[in-house]
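Keep the structure open beside you as we go.

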Amino acid sequence: MQNKCYITTPIYYPNAEPHLGSAYTTIVADFLARFYRDVGYKTFFLTGLDEHGEKIEKTAKDKGIEPKAFVDEMAALFKKAWERLGIEYDYFIRTTDEKHKKGVQAFLEKVMENGDIYLGTYEGYYCVGCERYYTEKELLEGLLCPLHLKKVEEKRIESYFFRLSKYKEMLLDFYDKNKNFIPDYYIDQIKNNLKELKDLSISRPKSQVSWGIELPFDKEHVAYVWFDALLNYYTACPKDMWPPDMQIIGKDILWFHAVIWPAMLMAVKEKLPSRILAHGFLTVDGRKMSKSLGNVINPIEMAEKYGNDALRYYLITKIAFGVDGDFSINAFKYAYNNELIGHYGNLANRLAAISNSTDYEKALYHDNEKIKEAIEVLHNSARLYNAESIIKCYTDKIWPIISDINAFLNKEEPWKKKNNSKNVIGQCLNAFFNVSVLLRPLLPNATSNILNNNIKIRDIREDISMQWNPVKKQYVVYKKVD
Ligand code: MSP
C-alpha cells in the first residue's frame, strides 16, 4: 500500500484576517505537504475556517451584517491570502458547510447512542474571546482571563455534557503507548491537568448562542464551537486518508487537540491521530505583536515585497519548530540577502553563466554521498512523521551543499577553461539540480523556475547519478532588496 500523509492546520477564526501567526502554522503545514507529495506519499492537506460561535456572531453583529454574509466575505479573503502565500491545500473546510454540519450531527448521534452524552447544568466562568469556560483556579486575580486579561462572565446554564472524564485512563494509556503523539516536553503538563479531568459541556442553549450546529436530539441547543471545530478533521477527510498523520497547531490549543480530540474519537471507536505537532508563539523583534506597538507583520505585504520563498524560508529555517520564536526584521533581511541571494541565487546565476559559455559533460558530483545521505535522512524522517528532523535536514545537510558547490567552483575556476573544466561544470550542475529538487518544498518559486516542476525525489533515488537539465539561460532567482 502507498504511504500516506494526512496533514492539517487548525481551522482559524475568521473574525480577523490572517496574520503572521496563522501564516506561520499554514506555511509549515504547506511545506510538509509539499515535501510528502515529493517523496511520493499520498498526501491530503486540510485547512479552513472555524466559523461558528459567539465571537463570530458578535463580530458580525458589530459590523451590522448577518454572520453567514460575514464569514463568506472572510472565507474569500482567507483563500486569497493563502493563494498569495503559495499555500496548496487539498481542501478548504468551512464549518458552515452542509457536509460538515451533517457530519457533526451524525457524530453527536453516535456518541449519544453510546451513552457518552447527558443533560446537566453548567456553572462556570466563560471567556468570549477564547470561546471556553475556565475554572476559578485557571483565572488571574479579579476573575480575569489569562489570555485576554478581561473579566470573564459567570454563567449557569443547561447543557449537554460529553463524558470526557470516563476517558482519563484510556488517554493515559494511549500517551504511554504512543510516545510521539505529543512533544515530550508537554506530556507532564497534560498528565497533570488530566488529574482533574471533568466532563465537557458540549452544547449552548440557543437563547445564548444561535450561530452554531443544532443538536440532532435537542433543537433548543447548538453544539459548543470547539466540539464542532475539532470534527472538521473528521468530516473533511476522505475515507482512505484517515487517521491524521500530522496535525500542526499552536501550543495555545494543545489541550483541545491532545485530550478532548482523542477522547471524542475514542467515544466512536475511531483510529486516533499519529502526531500533534505543537509549535511555539511568534514575537516580532522581541515583542508581542500588537497594533498599538505598530509591529504587526502582514504576511501578504512581506510576500509582495520579497516573494513567497523568502518568508517561507525564514519561518521554516530560522524559527525553531516547537518553541517560541522571534521574527526579527533584520535577521529576515540578512537571510534573504545573504542566504537566498548570496548562496542559492548566486550559485544559479554562476552556473547559468558558465554553462552557457563553456562546454560541460555529464558527471556525478564528487561529493555525491552528501546528497544521498540527505535523501536517506529525509525518507527516514518522513516515515516517522518527524517535522523537526525534516526541517533539520534542510538546514544542516541540504543547505550546506550549496556552499560546498560554490566553494568547489571557486577552487576549480572552470571559467579558466582548464583541462578538467567540462567535468567540474557537469558535477556542479548535477549537484545543483539534485539539491534544487530537494529544495522544492522550501523554495517553491525559485525551484520551479529552475526545474519546470518535473522532477521528484523518488526519481532521483532511482537514478541519483544523472537527473539534470542543462541551464539554458541566465535566471534571476531573486531580486535584491535593501
Ligand atoms: N479556531 C481555533 C482552532 C480550532 S482547530 C479545530 C483557533 N483559531 S485561531 O484563529 O485563534 O488560530 C489559532 C492558531 O493560530 C494557533 O494555534 C496558532 O496555530 C496560530 N497563531 C495565532 N497567533 C500566533 C502567534 N503569535 N504565533 C504563532 N502562531 C499563532 O484557535
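Two strands are said to pair if DSSP finds at least two bridges between them. With that in hand, and remembering that this is a predicted model, we can start with strands S8 and S10, which pair in the antiparallel sense over three bridges. One place to look is Pro205, whose bridge partner in S10 is His221. These strands belong to an open sheet of three, in the order S8-S10-S9, with antiparallel pairing. Strand S8 (203-205) and strand S9 (214-215) are at the edges with a single partner strand each, so one side of each is left without a neighbour in the sheet.

Strand S10 (218-223) also takes us to the cavity: together with helix H7 (225-230), S10 is an element that supplies at least two residues of the lining of the largest cavity. How many cavities of 30 Å³ or more does a search of the whole structure find? The search finds one, and the volume of the largest cavity is about 80 Å³. Its lining is made up of 15 residues, of which Gly53, Arg204, Val209, Ala223 and Val225 are the closest to the centre.

From here, turn to helix H4 (residues 98-113), where you will find His100. Is His100 buried or exposed? His100 has a relative accessible area of 1%, and buried means under 20%, so His100 counts as buried. Beyond its neighbours within four places in sequence, His100 is in contact with Ile93, Arg94, Thr95, Ile213, Asp228, Leu231, Asn232 and Thr235. His100 and Ala229 are 129 residues apart in sequence, yet their C-alpha atoms are 9.5 Å apart in space.

Strand S4 (residues 117-127) and strand S6 (residues 153-162) run antiparallel and are joined by ten bridges; among the facing residues, Gly120 stands opposite Ser159 in S6. S6 also pairs with strand S7 (residues 200-201), again in the antiparallel sense, over two bridges, and here Phe161 stands opposite Ser201 in S7.

Now for a parallel case: strand S11 (residues 246-250) and S12 run parallel, with four bridges joining them. Gly250 has His279 as its bridge partner in S12. In a regular strand the side chains alternate between the two faces of the sheet. In strand S12 (residues 276-279) both faces are covered, with Ile276 and Ala278 buried on one side and Leu277 and His279 buried on the other.

Helix H11 (residues 308-318) is mostly covered as well, with ten of its eleven residues buried. The buried residues include Asn308, Asp309 and Arg312, along with Tyr313, Tyr314 and Leu315.

The largest nonpolar core has 93 residues, and Tyr36, Phe327 and Leu439 have the most contacts inside it. Helix H14 (residues 387-412) gives the largest share of this core, twelve residues. Apart from this core lies another, of 57 residues, with Val111, Tyr233, Met266 and Ala267 among them.

Conventions: Residues are numbered from 1 along each chain as its sequence is written. This is a predicted model: local features need pLDDT of at least 70, side-chain atom pairs count only at pLDDT 80 or more; totals for chains, interfaces and linings use all residues. Side-chain values use heavy atoms; hydrogens and water are left out. A nonpolar core is a set of buried Ala, Val, Leu, Ile, Met, Phe, Trp, Tyr and Cys residues joined through side-chain atoms within 4.5 Å. Buried means under 20% relative accessible area, exposed over 50%, partly exposed in between (1.4 Å probe, protein chains only). On a 1 Å grid over the protein atoms alone, a cavity is a set of points where a 1.4 Å probe fits but cannot get out, and a pocket is an open set with protein on both sides within 12 Å along at least five of seven lines; lining residues have an atom within 4 Å of a point. Grid points are joined across faces, edges and corners, and a volume is the space filled by probe spheres set on the points. Contact means heavy atoms within 4.5 Å.
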